[in-house]
Amino acid sequence: MSAAAAAAAVTGVTAPVAHAESEVAVRRILAGMSLEEKVGQLFVTRVYGHSATAPDQADIDANLKELGVRTAAELVERYHVGGVIYFAWAHNTRDPHQIAGLSNGIQRAALAKATPIPVLTSVDQEHGVVARVGRPATLMPGAMALGAGGSYADARKVAQIAGTELAAIGIRQDYAPVADVNVNPANPVIGVRSFGADPEAVATLVSAQVKGYQQAGVAATAKHFPGHGDTAVDSHTGLPVIAHTREQWSTLDAPPFRAAIAAGIDSIMTAHIVVPALDPSGDPATLSRPILTGILREQLGFDGVVVTDSLSMEGVRTKYGDERVPVLALLAGVDQLLNPPNLDLAWKAVLKAVKDGELTEERLDTSVFRILKLKAKLGLFTHPYVTDDGVDRAVGTAAHLAHADRIAEQTTTLLVNEGGLLPVSRLSHPKVLVVGADPASPSSTTGPPTATLAGALTELGFTARALSTGSAPTAAKIAEAVAAAAGQDLVVVGTYNVSATSTQRTLVARLVETGVPVVTITLRNPYDVARLSGQRATLVTYSWTDVELRAAVRVLAGRAVPRGRLPVPVQSADDPATVLYPIGFGLTYA
């Protein structure tokens, strides 16, 4: 049977007989592949452009410089890549119909080859603070917000909606959910991307999202194994070391990954972190056979696809050269090599390692089989293309948007409410000044937060004005905000990652001195509240996307009741041993 005929025989159906038949068909495809095609299947890479065949000239130039090809179609033809990851900065995600067209163009290029194997397109669409696909797609509350909501059903619904919309535009692997347990408030890379600090609570919500994504036909990816939640170093720029003992790892970091595996997760992403208790070699987990094969495969029993975190990150490049990293990752037990900085170098290094005998072709076949089997499960061999009608039926629908609003309302957390200031009404506090930080939109399609908050207040009948003061307000900007507060009935301040030296603290203090009631809305980390004083009320949204900010305004105005509960503890800024607000804390209205 030819590879094309074998591909046609793959059903993607998971009933026992059909499943066995599909595995036979996948093995036939594998048997007909060249060594170069097998190597290509291991790689998931970026590519610039909104179109697979006709990108803008600037994207052609970027592709030639970084990848040695002009287009995504040429990339597939030359390197036989098994996957492509979409980024907004690579101009892959302008709008849903464009993304669907790009996905179809990539599939046409792959299926026109002598060995027609569909491409598995992927994305980091965690929602909350990490979202590559923006409006008009539905943007949902992020992980820590869902942790505050504490609802298995809502977490699953978020993933099911997100997965449905991704599948409609041709994206079939999502690098979500985050399974890290965020026990370090100083964590610079995970934070609100985690469901929280309680391992069992995180495990429950991870399981829910695995079910939701995969119900929608998208491969979920739990990350970042063996657990990135207790670090003060960002693996994008350095190599973190996790000091947990093996027992601590087992009780703190492992439960969400165990839950993901029990839920049938399709893929797990590795972390570029060193965990000496699990592997004393000093190698990052991505390159550690004791961690990936000894623990993940053998101890936890995971036989799905293991994908690296981006190989362009500094954490995996500090010890070995870019030509060694992909080979060592495969020797450790990885299947998919994500976004190497130099694809040509990495691709040739793997090919050479096989030809030289450092990697056996049998080892290569094990990973390629897993990847092809996942593609078959997702139905990509039989239904590789998406349609414009499918996009219109699934993406950004009124029903999905309504679910997003409802779920966001369950997550808004009220930490401070001195004298029962909240809720306020347009009769008691008609004039509102909104100031604060305006961090860039995660998806480049929402905000800015001050304008979003003021707009939502205006829609509810308040007279609201927005004044952006930034995340590091100057003395002049603080003076402007104080002057603007004169004659107002309420000041709302959006805070963002307040540090000990942040001038956001000065802004809040000066506004409090005006005598106008101040409400702070924590746009990201709930830990901000520990560094502020004098405000009459504090709400936490865990992200600054519109859906969460609008929900906070409805809570502030009494159109919704605050129901969120902290999924992490907030310690005193001066004495971390003192917990100001424990896990589970959250006020509501009488």
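This is a predicted model: local features need pLDDT of at least 70, side-chain atom pairs count only at pLDDT 80 or more; totals for chains, interfaces and linings use all residues.
**Reading strands, cores and salt bridges**

Analyst: Ile521 stands opposite Leu539 in strand β16.

User: In what sense do β15 and β16 pair, and over how many bridges?

Analyst: Strand β15 (residues 518–522) runs parallel to β16, and the two are paired over 4 bridges. On β11 (residues 413–417) the sense is antiparallel, again over 4 bridges to β16. There, Leu414 has Leu539 as its bridge partner.

User: How should I read the side chains along such a strand, and which way do those of β16 point?

Analyst: The general idea is that side chains in a regular strand alternate between the two faces of the sheet. In β16 (residues 537–540), Ala537 and Leu539 point one way, while Thr538 and Val540 point the other way. All four of these residues are buried.

User: What is the order of the strands in the open sheet of 8 strands?

Analyst: The order is β9-β8-β7-β6-β3-β2-β1-β10, with parallel pairing. The edges are β9 (305–307) and β10 (337–338), each of which pairs on one side only. Within the sheet, β3 (residues 120–123) pairs with β6 over 2 bridges in the parallel sense, and Ser122 has Gln173 of β6 as its bridge partner.

User: Which strands does helix α11 touch?

Analyst: Helix α11 (residues 289–299) packs on the sheet and touches β7 (219–225), β8 (267–270) and β9. The direction of α11 makes about 125 degrees with that of β7. Helix α14 (residues 361–377) lies across β3, β7 and β9, and runs at about 110 degrees to β9.

User: How should I read a nonpolar core, and which residues have the most contacts inside the largest one?

Analyst: In soluble globular proteins, nonpolar side chains tend to be buried together. Here the largest nonpolar core has 116 residues, and Phe43, Phe225 and Val350 have the most contacts inside it. Leaving aside residues up to four places away in sequence, Phe43 touches several residues, including Val81, Leu337, Leu343, Trp347 and Val350. A second, separate core has 48 residues, among them Val424, Val434, Ile521 and Ala552.

User: How many salt bridges does a search of the whole structure find, and why can the pair Glu126 and Arg193 be said to tie parts together?

Analyst: The search finds 25 salt bridges. In one of them, the side chains of Glu126 and Arg193 meet at 2.7 Å, N to O. Glu126 lies in strand β4 (residues 125–127) and Arg193 in the loop between β6 (173–174) and α9 (199–215), so the pair ties together parts that are 67 residues apart in sequence. Buried means under 20% relative accessible area; Glu126 has 9% and Arg193 has 13%, so both are buried.

User: Where do Asp154 and Arg406 lie?

Analyst: These two side chains form a salt bridge of 3.2 Å, N to O. Asp154 lies in helix α8 (residues 152–168) and Arg406 in helix α16 (residues 398–409), 252 residues apart. Asp154 is buried at 11%, whereas Arg406 is partly exposed at 34%.

User: What separates Lys348 and Asp344 in helix α13?

Analyst: They are 4 residues apart in α13 (residues 343–355), which means a separation of about one helical turn. Elsewhere, salt bridges with shared partners join Asp124, Glu126, Arg132, Arg193 and Lys223 into one network.

Technical notes: Residues are numbered from 1 along each chain as its sequence is written. Side-chain values use heavy atoms; hydrogens and water are left out. A nonpolar core is a set of buried Ala, Val, Leu, Ile, Met, Phe, Trp, Tyr and Cys residues joined through side-chain atoms within 4.5 Å. Buried means under 20% relative accessible area, exposed over 50%, partly exposed in between (1.4 Å probe, protein chains only). Contact means heavy atoms within 4.5 Å. A salt bridge is a side-chain nitrogen of Lys or Arg within 4 Å of a carboxyl oxygen of Asp or Glu. Two strands pair if DSSP finds at least two bridges between them. Axes are lines fitted to C-alpha atoms, for helices over the stretch in contact, and angles run from 0 to 180 degrees between N-to-C directions.
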